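Colleague: I am new to this one. Could you show me how to read its side-chain features?

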Amino acid sequence: MATMREETDSLGVVEVASDKLWGAQTQRSLEHFNIGHDLIPREMITAYATLKKAAAIANYAGKRLDAQRYKLIVTVCDEILVGQHADMFPLHVWMTGSGTQFNMNVNEVISNRCCQLAGTPLGSHAPVHPNDHVNMAQSSNDTFPSAMCIAATVNVKERLIPAVVALRDAIDKNAKAWDDIVKIGRTHMQDATPLTLGQEWSGYEGMLSDDLERIEAAIQGVYRLALGGTAVGTGINSVPGFGEAAAGQIAELTGLPFVSAPNKFAVQGAHDALVQLSGTLRTLAVSLYKIANDIRLMSCGPRAGFAELQIPENEPGSSIMPGKVNPTQCEALAMVAVQAMANDVAVGFSGAGGYLEMNVYKPIMIYNITHSITIMTDSCTNFRKFLIEGTKPNLKKIKEYVERSLMLVTALSPVIGYDKASKIAHYAMDNDLTLKAAALKLGFVTEAEFDLVVDPAKMVRPYVATGTVSPELHQQLAVSR
């Protein structure tokens, strides 16, 4: 049996295991909100440690915090920032909507660790009190949304964006390498006019480049921190300039341009910047879903499908069918995209749920945002390493599709007219002929004229065949029209 000690808060005495650094309010939360297995995102631990360190620096500079307490708080924050005491933050997502208990979890851990360093008993609140000193000039109502912004932005900048950039660049490398491989395009899932495999993949590169621009634009609003607004945005219990000083320290500690929000009522009563960021993450998820499913289609086969792409054989695909290989990386990325889209729905509803001076859906918002960032970061990395970088074009199959395509007839349309070109396509289909055989059979062009006009390599760029055929054909066309 673990030995216990007594901790106190404004409601009285609570027993806490002697080997734990948290205090009474954390223990109450563990007992009253033991819902599910979802813990407050680990990103919030480092975000809060950054925030508490910055607040201590600002309060010390403002002569509200003495040197001993300042040094102790900063020392413990630095310990947390390098990964120490991670198991002292056990609270679940499904708690008070303000996140107060997690803020107090951080305050209590810092206070008790300061007690250890100072040689005083745990729970003594001396020399560092969790509310009076660690939480000085702060409220859960301004620190939790600020920590949300720090956690989301740092992880977007340090993890998600590099992963998406690496995926984008790997796709672009293939696009450039495959720029001269002519294939059949598809619209409505049916054969269409030619393009190159490189052009097709350049679309994926362009989508991700656009997504990166959207993400960078979205995080501009997330740099604006509520810190300094305290309870309702007025800044009560903080001195003038505290918010700006603390935000400046956060910017220095993270290397990111965090600032004090000019209107604290806006960023405490609502969290619209985080809603916008989540929506942008959803857009990235939509792009990833499309890319994954396109590659899944182009690689289907290997003998009874499109089979235009040969994907890496990472693992056996079936427990019953020997030799089967499945597009598992596409499936994983698609599932991640679906989850990220679903996460955004939760964030949107939560963002809309703020009442008066405070939104009470904070934990679920940051839980879903960090979840999306994490799973999309990891899946982009895996998709690049285990699929994109090892995928190869099936040149034989691609050439076969080009040679058999009926939609190459589109190039004849400016020369002989849409109706005659359509007749060639239908005649070829109905009689199982090539386009060329059908065109010659119907007598609409000569063999030399067909070969001159119907050139797939020309059709992947802006191309009109008028003027490339004989004057006689043009005269016939003029008469027929």
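Colleague: Are Phe 89 and Phe 102 buried or exposed?

Modeller: Buried means under 20% relative accessible area, exposed means over 50%, and partly exposed lies in between, with a 1.4 Å probe and protein chains only. Phe 89 is buried, and Phe 102 is buried too. Bear in mind that this is a predicted model, where local features need pLDDT of at least 70, side-chain atom pairs count only at pLDDT 80 or more, and totals for chains, interfaces and linings use all residues. Residues are numbered from 1 along each chain as its sequence is written, and side-chain values use heavy atoms, leaving out hydrogens and water.

Colleague: How many aromatic pairs are there?

Modeller: A pair of aromatic rings is described by the distance of the centres and the angle of the planes. Rings of Phe, Tyr and Trp (its six-membered ring) pair if their centres lie within 6.5 Å; planes under 30 degrees apart are stacked, over 60 edge-to-face, and the rest tilted. The structure holds eight such pairs. In one of them, the centres of Phe 89 and Phe 102 are 6.3 Å apart and the planes meet at 55°, so this pair is tilted. Phe 89 is in the loop between helix 3 (67–81) and helix 4 (100–118), while Phe 102 is in helix 4, 13 residues apart. Helices (H or I, at least four residues) and strands (E, at least two) are DSSP runs, numbered from the N terminus. Tyr 48, Phe 89, Phe 102 and Phe 144 form one aromatic cluster.

Colleague: Which kind of pair do Trp 94 and Tyr 367 form?

Modeller: Edge-to-face, with 6.0 Å between centres and 65° between planes. Trp 94 sits in the loop between helix 3 and helix 4, Tyr 367 in helix 12 (residues 362–386), and they are 273 residues apart. Trp 94 is partly exposed, at 29% relative accessibility.

Colleague: How do I read a salt bridge, and how many are there?

Modeller: Look for a side-chain nitrogen of Lys or Arg within 4 Å of a carboxyl oxygen of Asp or Glu. That rule gives 20 salt bridges. Among them is Glu 308 with Arg 186, whose closest N and O atoms are 3.0 Å apart. Glu 308 lies in the loop between helix 10 (272–298) and strand 7 (309–310), and Arg 186 in strand 3 (residues 182–187), so the pair ties together parts 122 residues apart in sequence. Glu 308 is buried at 1% relative accessible area, whereas Arg 186 is partly exposed at 26%. Lys 183, Arg 186, Glu 200 and Glu 308 are linked in a network of salt bridges.

Colleague: Over which ring does the charged end of Arg 186 sit, 4.1 Å from its centre?

Modeller: A charge sits over a ring if NZ of Lys or CZ of Arg is within 6 Å of the ring centre and within 35 degrees of the ring normal. Here the ring belongs to Phe 306. The charged end of Arg 186 also sits over the ring of Tyr 401, 5.6 Å from its centre.

Colleague: How many disulfides are there?

Modeller: A disulfide is a covalent bond between the sulfur atoms of two cysteines. The test is a pair of cysteine sulfur atoms within 2.5 Å. The count is zero. For Cys 149, the nearest cysteine sulfur is that of Cys 77, 19 Å away. Cys 149 is buried, at 9% relative accessible area. For Cys 330, the nearest is that of Cys 300, 11 Å away. Cys 330 is buried, at 0%.
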